[in-house]
Amino acid sequence: NHPFRRLLATSMIGGLAGSINVTLAVLFFVHVMRIGDAARLMILVYFVSGIVALPFWVWLSGRTSKHRALCYAGCWGCAWFLAAPFLPPGQVLPILLLNVVTGFVMAVPPTLGGSMAADVIDLDTLESGTGRAALFISLWSMGSKMAVAFGVGIALPLLDLFGFDPKATNGPAELWALTSLYCFVPIVLWLASLVPIWNFPIT
């Protein structure tokens, strides 16, 4: 099932990017943006924004296609997220606004991606004559969990390798390492995750 392999690759690469980003989010807000206790509020705003915006992306997927709407959402999030390293430290409002606009696409991958997974299961049933939904869902779930685990396992050791210490005062080099791992590495991975599904064969 070639479409499933493409979708699984997108899911795992995108999941890896998201895992690295989420793992380092609070550290970035506290040490680079210096907003202290407001860091937790940023996470809440991010997720609420995604839930509120989801009906728009579902509507857009009906006007275009699920995979194109997913790609547009990825490009939207990456474009705005590029501003993260350049926000003024110590000011909550700009960071809050950034989390609103980037959170706008937070719920798109699990929703449209899950719907696309259902499509490839239908394709397999049509071509094989056998219902193997459990197999595909198991592979999908395993891939997602592996991506999350690898993200945590990569992000924190790399940050430690660059000398960052969350309990100490870090210099510009350590803070730039945190910023790069939090922002630029996920952006590259997110954009790479869109490549396999840009011309997805199932509309």
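How many aromatic pairs does the count come to? The count comes to 15 aromatic pairs, where rings of Phe, Tyr and Trp (its six-membered ring) pair if their centres lie within 6.5 Å, and planes under 30 degrees apart count as stacked, over 60 as edge-to-face and the rest as tilted. The model is predicted, so local features need pLDDT of at least 70 and side-chain atom pairs pLDDT 80 or more, while totals for chains, interfaces and linings use all residues. Residues are numbered from 1 along each chain as its sequence is written, and side-chain values use heavy atoms, leaving out hydrogens and water.

One of the pairs is W57 with F104, which is edge-to-face, with 5.8 Å between centres and 65 degrees between planes. This pair links distant parts of the chain, 47 residues apart: W57 is in helix α2 (residues 38-63) and F104 in the loop between α4 and α5. Helices here are DSSP runs (H or I, at least four residues), numbered from the N terminus. W57 is buried at 4% relative accessibility, whereas F104 is partly exposed at 27%; buried means under 20% relative accessible area, exposed over 50%, and partly exposed in between (1.4 Å probe, protein chains only).

W76 and W80 form a tilted pair, because their ring centres are 5.9 Å apart and their planes are at 55 degrees. In helix α3 (residues 66-81) these two are 4 residues apart, so about one helical turn separates them. F56, W57, W59, W76, W80 and F104 form one aromatic cluster.

A107 lies in the loop between α4 (92-103) and α5 (108-128). A107 is buried, with a relative accessible area of 10%.
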